[in-house]
Amino acid sequence: MHTGLVHLHRTLAYVALVLLIVSGIKFLMAARAKKEFTEGDRKLSLYTLISVHLQLVIGFVIYFTGLSFSQLKDFGAAMSDSSVRFQVLEHPLTMIIGVVLITIGYSSAKRAEGTAKYSKLSRFYLIGLVLILLRVPWDKLF
Ligand code: HEM
Ligand code: HEM
């Protein structure tokens, strides 16, 4: 099951990254042009949120069912090996912060009105995207 979930996590990573890039750029342009918020863009922001929430849940499962969690027991050794530190700490922590920011963006856009929705969404989605891009294991994606 673990291997299957890692594959799913990798496949969904493409989906989440594409959705984040498309929505980040689209919402930024709409905010600049002061456009009225559309139903299509509400759906785009929702699908993007769902894709990163799915990554979060699958990420937690593979974290606790794979080697990552057990490697935490010898914290010193885990931190001194850069590839172990990446998988055990840097990747999960940075992704969690990115997903939290994206969720805050979605949530505050829901309460905002009209074109302000675009500025909330673009700000939080783009900052979340940058964090995620910084700590995706690119060697495993390509
Ligand atoms: C948008 C968010 C995320 C993206 C784009 C992402 C992307 C990826 C990618 C591309 C891999 C490599 C998969 C492979 O080896 O084929 C990976 C591995 C991993 N991710 Fe994530 N991830 C995200 C969030 C998370 C979160 C929130 C956690 C944990 C709480 C997590 C935990 C892990 C773990 C433990 C691995 C290593 C799996 C293994 O080889 O055993 N990920 N992630
Ligand atoms: C660790 C697991 C998860 C956590 C901590 C989490 C957390 C949250 C939070 C805090 C919100 C609130 C956003 C708001 O204020 O509207 C939210 C919204 C949402 N989440 Fe998650 N989520 C998780 C997993 C999932 C999963 C697995 C899915 C679906 C596959 C999902 C789908 C959604 C959707 C659709 C919304 C938006 C609802 C709306 O339109 O208001 N989440 N989530």
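Guide: Let's start with the rule: rings of Phe, Tyr and Trp (its six-membered ring) pair if their centres lie within 6.5 Å, and planes under 30 degrees apart count as stacked, over 60 as edge-to-face and the rest as tilted. With that in hand, look for Phe27, Phe37, Tyr118 and Tyr125, which form one aromatic cluster.

A word on what you're looking at: this is a predicted model, where local features need pLDDT of at least 70 and side-chain atom pairs count only at pLDDT 80 or more, while totals for chains, interfaces and linings use all residues. Residues are numbered from 1 along each chain as its sequence is written, chains are lettered from A and ligands numbered from 1 in the order in which they are written, and side-chain values use heavy atoms, with hydrogens and water left out.

Back to the rings. The count comes to seven aromatic pairs. One to find is phenylalanine 64 with phenylalanine 69: their ring centres are 4.8 Å apart and the planes sit at 65°, so this pair is edge-to-face.

The protein has seven helices and zero strands (DSSP runs, H or I of at least four residues for helices and E of at least two for strands, numbered from the N terminus). Reading along the sequence gives you α-α-α-α-α-α-α. The C-alpha trace spans about 50 × 30 × 25 Å along its principal axes, and buried residues account for 38% of the 142 residues.

Arginine 32 is exposed, with 68% relative accessible area. In sequence it is 22 residues from leucine 54, yet the two C-alpha atoms are 30 Å apart in space.

Histidine 53 has a polar side-chain atom 2.9 Å from a nitrogen of ligand 2. Tyrosine 106 brings an N or O atom of its side chain to 2.7 Å from an oxygen of the ligand, and a polar side-chain atom of serine 107 also lies 2.7 Å from a ligand oxygen.

Ligand 1 has 21 residues around it, the closest being His2, His9, Arg10, His91 and Lys140. An N or O atom in the side chain of arginine 10 is 2.5 Å from one of its oxygens, and histidine 2 puts a polar side-chain atom 3.3 Å from an oxygen of ligand 1. Histidine 91 has a side-chain N or O atom 2.8 Å from a nitrogen of ligand 1. This shell draws at least two residues from each of α1 (2–32), α2 (39–65), α5 (82–111) and α7 (138–141). Here too α2 makes the largest contribution, with six residues.

Methods
Near = heavy atom within 4 Å. Polar contact = N/O pair within 3.5 Å; in protein donor to acceptor, adjacent residues only side chain to side chain. Buried < 20%, exposed > 50% of the residue type's maximum accessible area, 1.4 Å probe, protein only.
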